[in-house]
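Here is a short note to read with the model open beside you. Take the points in order and find each residue as you go.

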Amino acid sequence: SSLDFGRLNKNQTVTKDFVISNTGKSVLEVRSVQGNCSCISTSVNTKTLKPGESTLIKISFNPQERVGTQQKAVTIYSNDPQNPMQRLTFTAYVED
């Protein structure tokens, strides 16, 4: 549940794909995917997953002139009865 975006320039946007899978026995609904910063944008290919299905979540990070080590998070909200809120963290080092 952690990604490393590596080293990037302060004006460079980077995007990573993260796969989520429905390992349960009923339909999984991804209700929302939210970053903890305006520098993060997300998109989900499919919000409703039948058992055994997977989908991609695209996470884009735009440092917006930030420099140094950045630690951010994306929270995935779903109808999962055991884990309705999953947090994915990522780090990046933004060079000046």
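The points below cover aromatic rings, salt bridges and one serine.

1. Ground rules. This is a predicted model, where local features need pLDDT of at least 70, side-chain atom pairs count only at pLDDT 80 or more, and totals for chains, interfaces and linings use all residues. Residues are numbered from 1 along each chain as its sequence is written, and side-chain values use heavy atoms, with hydrogens and water left out.

2. Aromatic pairs. The whole structure has three aromatic pairs. Rings of Phe, Tyr and Trp (its six-membered ring) pair if their centres lie within 6.5 Å; planes under 30 degrees apart are stacked, over 60 edge-to-face, and the rest tilted. Phe5 and Phe61 have ring centres 6.3 Å apart and planes at 75°, so this pair is edge-to-face. Phe5 sits in strand β1 (residues 2–9) and Phe61 in strand β6 (residues 54–61), 56 residues apart. Strands are DSSP runs (E, at least two residues), numbered from the N terminus.

3. A second partner. Phe5 also pairs with Phe90, and this pair is tilted: 4.4 Å between centres, 40° between planes. Phe90 lies in strand β8 (residues 85–95) and Phe5 in β1, so the pair ties together parts 85 residues apart in sequence. Phe5, Phe61 and Phe90 form one aromatic cluster.

4. Buried or exposed? Buried means under 20% relative accessible area, exposed over 50%, partly exposed in between (1.4 Å probe, protein chains only). Phe5 is buried at 5%. Phe61 is buried at 0%. Phe90 is buried too.

5. Salt bridges. There are four in the structure. Each is a side-chain nitrogen of Lys or Arg within 4 Å of a carboxyl oxygen of Asp or Glu. Lys10 bridges to Glu65, with the closest N and O atoms 3.7 Å apart. Lys10 also bridges to Asp96, at 3.1 Å from N to O. Lys10 is partly exposed at 23%, Glu65 is partly exposed at 48%, and Asp96 is exposed at 75%.

6. Another bridge. Asp17 forms a salt bridge with Lys58, the closest N and O atoms being 3.1 Å apart. Asp17 is in strand β2 and Lys58 in strand β6, 41 residues apart.

7. Where is Ser78? Ser78 is found in strand β7 (residues 68–78). Ser78 is buried, with a relative accessible area of 9%.

Terms used. Helix = DSSP H or I, 4+ residues; strand = E, 2+ residues; numbered from the N terminus.
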